[in-house]
Amino acid sequence: MLYDLIIIGAGPAGLTASIYASRYQIKHLLIGSRLGGTMVWASMIENYPGFELITGADLAQKMMAQVKKLGVEIKNTGVLEIKQKENIFELKTENDEVYEAKALIIATGTQRQKLNIPGEADYLGKGVSYCATCDAAFFKEKTVAVVGGSNAAVTSALHLADLAQKVYLIYRKRPLRADPIWQERAQKNAKVEIIYETNIMGILGDEQKVTALKLDKTYQQNEQLKVDGLFIEIGGQPGTELMKPLGVELNKEGYLKVKPDMSTNVVGIFAAGDVANAFGEFRQIVTATSEGALAANSVYRFLMGTKK
Amino acid sequence: MITFTDQNFGKEVLESKTPVLVDFWAPWCVPCQMVGPTVEELAKEFEGKVKIGKLNVDENPQVAVKYNVMSIPTVIFFKEGKEAARQIGLESKETYLKLISS
């Protein structure tokens with residue numbers, strides 16, 4: 001099936017691109033493996049205009065409802081491969097369906113960065129977690145660690161400290177890179193202990209559950225730190241695997257390079273949202289939606305041009 | 001969609017003749033709110049073939065502890081009362097479909 005446009009990614013950038021594409025009457029499809037994208041991890045959004053306070057899931061559902069109301073189907077699956085055949089892009093999805101498009105908007109966002117250490121995959125859901133707000137309740141009166149030094153890591157540690165008996169915050173550098181207000185709160189919290197300039201080398205357990213972490217240096221004379229859980233909050237990495245074979249240029253941090261109109265160096269491929277470098281390090285829902293709208297507008301112009 | 005509980009889990013899941021898909025969730029878990037609608041779609045599509053429902057881990061800690069659920073969302077597929085497959089984290093509808101066909 002040939003579409004004028006396929007949007008990959010169902011976060012705020014992709015969903016907004018679809019809303020605009022519908023209004024431009026561009027025949028398009030939206031494919032996304034994680035509906036709502038990164039914002040569905042946000043329990044409190046207070047900076048998206050029009051909503052004083054909303055959860056990421058609620059905002060995602062509202063955006064998805066708007067997309068669907070305009071007659072667009074959201075395919076909730078992953079894209080495995082994209083091939084370029086002259087001026088047509090051919091996509092293969094995880095459920096073995098093939099779609100073709102004249103233009104693409106890549107809005108694949110970022111994926112959670114993993115530590116990539118022994119035990120991380122084995123103990124996922126057995127003490128290893130990537131979502132403190134989701135899983136803190138399973139660690140009441142227990143000892144946990146959070147790895148990372150960002151706002152997300154420190155707020156996770158503080159959230160866990162409400163329920164857990166003890167929270168270690170482990171960061172590879174010094175000082176923390178979180179905003180000063182969060183650093184101060186972590187330092188003042190009696191349950192939070194910050195371990196600086198230390199890396200986690202492995203996650204140990206008894207098959208059923210996490211029991212300890214192996215550190216790269218001794219902490220209070222121990223090479224192992226006894227914990228019941230580890231929360232990994234070390235940021236995200238852009239989802240660009242599909243783009244490499246197509247020759248789309250990345251910046252040195254690995255994000256897609258876009259021009260002011262959201263086009264990439266490959267004719268017909270546009271990008272929007274967290275995966276793109278449009279706003280530098282500033283990655284917000286409101287910037288993602290803006291980029292999505294702009295990308296759809298540029299696709300509209302591009303398609304008009306190809307018809308001449 | 002069925003609501004599974006500590007009380008009905010034995011009858012509805014362990015003694016079920018049809019396979020069962022259980023979505024473990026809690027009200028405070030924001031990504032869990034994204035799994036709900038997907039599981040509801042699956043419940044309609046598999047009506048009569050697979051029993052599909054949700055279990056609130058906050059209200060039903062016994063089942064959550066028994067199956068060592070320490071991270072949500074978690075979706076577990078049961079066949080003949082035994083765990084056949086488990087998916088941790090927010091995943092696509094396609095991934096949950098694969099769980100059912102496993």
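The C-alpha centres of domain 1 and domain 2 of chain A lie 34 Å apart. Domain 1 of chain A covers 2-112 + 236-307, and domain 2 covers 128-232; the bounds come from an automatic or database domain assignment.

Before I go on, some housekeeping. This is a predicted model, where local features need pLDDT of at least 70 and side-chain atom pairs count only at pLDDT 80 or more, while totals for chains, interfaces and linings use all residues. Residues are numbered from 1 along each chain as its sequence is written, and chains are lettered from A and ligands numbered from 1 in the order in which they are written.

Chain A as a whole, then. Chain A has 6 helices and 17 strands. Helices here are DSSP runs of H or I with at least four residues, strands are runs of E with at least two, and both are numbered from the N terminus. Along the principal axes, the C-alpha atoms of chain A fill a box of roughly 75 × 40 × 30 Å.

Next, a run of strands in chain A. Strand β4(A), residues 79-85, and strand β5(A), residues 88-93, run antiparallel and are joined by 6 bridges; two strands count as paired if DSSP finds at least two bridges between them. Opposite A:V79 stands A:T93 in β5(A). The two strands form a hairpin with 2 residues between them, and A:E86 in the turn has a positive phi of about 55°. From β5(A) the pairing continues to β6(A), residues 98-106, again antiparallel, with 4 bridges. There A:F89 has A:A101 as its bridge partner. The hairpin of β5(A) and β6(A) has 4 residues between the strands, and A:D96 takes a positive phi near 65°.

Chain A also has a parallel sheet. It is open, with 5 strands in the order β8-β15-β9-β10-β11. Which strands stand at its edges? They are β8(A), residues 128-129, and β11(A), residues 192-195; each has a single partner strand, so one side of each is left without a neighbour in the sheet. Inside the sheet, β9(A), residues 143-147, and β10(A), residues 166-170, run parallel and share 5 bridges. A:V147 is paired with A:I170 in β10(A). Helix α4(A) packs on this sheet and touches β9, β10, β11 and β15 (229-232) of chain A, and its direction makes about 170° with that of β10(A). Touching means C-beta atoms, placed from the backbone, within 7 Å. Angles run from 0 to 180 degrees between N-to-C directions, with axes fitted to C-alpha atoms, for helices over the stretch in contact.

What does α4(A) cross? The axis of α4(A), residues 151-161, comes within 10 Å of that of α5(A), residues 180-188, and they cross at roughly 35°. The crossing is left-handed, that is, the near helix is turned anticlockwise from the far one by less than a right angle. From α4(A) the contact takes A:N151, A:V154, A:T155, A:A157 and A:L158, and from α5(A) it takes A:W182, A:Q183, A:R185 and A:A186. By class that gives 5 nonpolar, 3 polar and 1 charged residues. Ala, Val, Leu, Ile, Met, Phe, Trp, Tyr, Cys and Pro count as nonpolar, Asp, Glu, Lys and Arg as charged, and the others, Gly among them, as polar.

On to chain B. Chain B has 4 helices and 5 strands, running β-α-β-α-β-α-β-β-α from the N terminus. Its radius of gyration is 12 Å, close to the 13 Å that the globule rule gives for 102 residues, so chain B is as compact as a globular protein of that length. Its C-alpha atoms fill a box of roughly 30 × 30 × 20 Å along the principal axes.

The 5 strands of chain B form an open sheet in the order β1-β3-β2-β4-β5, with mixed pairing. At the edges stand β1(B), residues 2-4, and β5(B), residues 82-88. The twist averages 30° from one strand to the next. Strands β2(B), residues 20-25, and β3(B), residues 51-56, pair in the parallel sense over 6 bridges, and B:L21 stands opposite B:I52.

Last, the contact between the chains. It takes 29 residues from chain A and 19 residues from chain B. On the chain B side, the elements giving two or more residues are α2(B), 32-45, and α4(B), 93-100. The largest share, 3 residues, comes from α2(B). By class, this side of chain B has 10 nonpolar, 6 polar and 3 charged residues.

Note on methods: Contact = placed C-beta atoms within 7 Å. Rg over C-alpha atoms; globule rule 2.2 N^0.38 Å.
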